[in-house]
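Hi everyone, thanks for coming. I'd like to walk you through a structure, so please have a look at the screen.

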Amino acid sequence: MKILVINGPNINLLGTREPQIYGYTTLDDINQELVEYSKTFLEDKIELVFFQSNIEGEIVNKIQQSSQFEGLIINPAAYTHTSIAIADAIKAVGIAAVEVHLSNVSTREDYRKISYVSDSCIGVVAGFKKDSYKMALLGLYNYVKERI
Ligand code: DQA
């Protein structure tokens with residue numbers, strides 16, 4: 001099973017960026033932990049491919065080119081609250097996607113309570129810092145497995 005993991009703007013700064021909100025773990029470490037989690041708790045055959053960009057169009061391009069993947073884990077970061085283009089791209093390719101947030105966006109500023117991406121996704125995980133990605137992978141893996 002091939003899963004694409006996309007992170008949006010400023011997620012490359014994890015570790016030093018507002019650690020009280022996002023935690024102290026770097027993006028590289030989160031990605032590495034996800035690989036280890038999949039091998040330990042899921043199966044060795046999961047192939048995870050990681051992509052991070054601060055540019056909306058690059059994220060849209062990556063989603064458009066995702067036909068070899070069975071699933072998508074996406075933290076659209078600030079684009080969550082603005083990007084019809086990312087939502088449309090997920091719908092256009094029809095990939096099973098899970099939206100992820102490190103922080104609990106529904107307890108923060110009002111503008112973070114709106115997601116343009118959620119209704120293109122099978123589920124949303126928010127608020128568990130780095131563990132949000134693992135929970136998203138578990139849910140996505142079970143969802144995809146039932147359908148192959
Ligand atoms: C975030 C939440 C967004 O509101 C914010 O713009 C981010 C990170 C999160 O993972 O908690 O950059 O997506």
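A word on the ground rules. This is a predicted model, where local features need pLDDT of at least 70 and side-chain atom pairs count only at pLDDT 80 or more, while totals for chains, interfaces and linings use all residues. Residues are numbered from 1 along each chain as its sequence is written, and side-chain values use heavy atoms, with hydrogens and water left out.

Let's begin with the ligand. Which residues surround the ligand? The list is Arg-17, Tyr-22, Asn-75, Ala-77, Ala-78, His-81, His-101, Leu-102, Ser-103, Val-105 and Arg-112. To be counted here, a residue needs a heavy atom within 4 Å of the molecule.

Some of these residues point polar atoms at ligand oxygens. Arg-17 has a polar side-chain atom 2.9 Å from an oxygen atom of the ligand. For Asn-75, a polar side-chain atom lies 2.8 Å from a ligand oxygen atom. Arg-112 has a side-chain N or O atom 2.8 Å from an oxygen atom of the ligand.

Let's stay with Arg-112. Where does Arg-112 lie? You'll find Arg-112 in the loop between strand 4 (96–101) and strand 5 (123–126). When I say helix or strand, I mean DSSP runs numbered from the N terminus: H or I of at least four residues for helices, E of at least two for strands.

Is Arg-112 buried or exposed? Arg-112 counts as buried, because its relative accessibility is 16%. The cut-offs are under 20% relative accessible area for buried and over 50% for exposed, with partly exposed in between, using a 1.4 Å probe and protein chains only.

The side chain of Arg-112 also has polar partners within the protein. One is the side chain of Glu-109, at 2.7 Å, and another is the side chain of Tyr-111, at 3.2 Å. A polar contact here is a pair of N or O atoms within 3.5 Å; within protein, one must be able to donate a hydrogen and the other to accept it, and residues adjacent in sequence count only if both atoms are side-chain atoms. Leaving aside neighbours within four places in sequence, Arg-112 is in contact with Tyr-22, His-81 and Val-105, where contact means heavy atoms within 4.5 Å.

Tyr-111 is found in that loop between strand 4 and strand 5 too. Its C-alpha is 9.4 Å from that of Thr-82, although Tyr-111 and Thr-82 are 29 residues apart in sequence.

Ile-114 also belongs to the loop between strand 4 and strand 5. At 48% relative accessibility, Ile-114 counts as partly exposed. Not counting residues up to four places away in sequence, Ile-114 touches Thr-80 and His-81.

Now for Phe-128, in the loop between strand 5 and helix 5. Phe-128 is partly exposed, at 46% relative accessibility. Beyond four places in sequence, Phe-128 touches His-101, Leu-102 and Met-135. Phe-128 and Leu-102 are 26 residues apart along the chain, with their C-alpha atoms 5.8 Å apart.

Next, some backbone angles. Most residues other than glycine have a negative phi. Ala-77, from the ligand's surroundings, has a positive phi of about 55°. Ala-77 sits in the loop between strand 3 (71–75) and helix 4 (84–93) and is buried, at 12% relative accessibility. Asn-10 has a positive phi as well, near 75°. Its place is the loop between strand 1 (2–7) and helix 1 (19–22), and Asn-10 is partly exposed at 34%.

Finally, the helix pair. How do helix 2 (residues 27–41) and helix 5 (residues 131–147) pack? They pack at an angle of about 40°, with their axes 10 Å apart. Axes are lines fitted to C-alpha atoms, for helices over the stretch in contact, and angles run from 0 to 180 degrees between N-to-C directions.

From helix 2, Ile-30, Glu-33, Leu-34, Tyr-37 and Ser-38 meet Tyr-133, Lys-134, Leu-137 and Leu-138 of helix 5. Ser-38 is buried, with a relative accessible area of 1%. Setting aside neighbours within four places in sequence, Ser-38 is in contact with Glu-43, Ile-46, Leu-48 and Leu-137.

That's my tour, and I'm happy to take questions.
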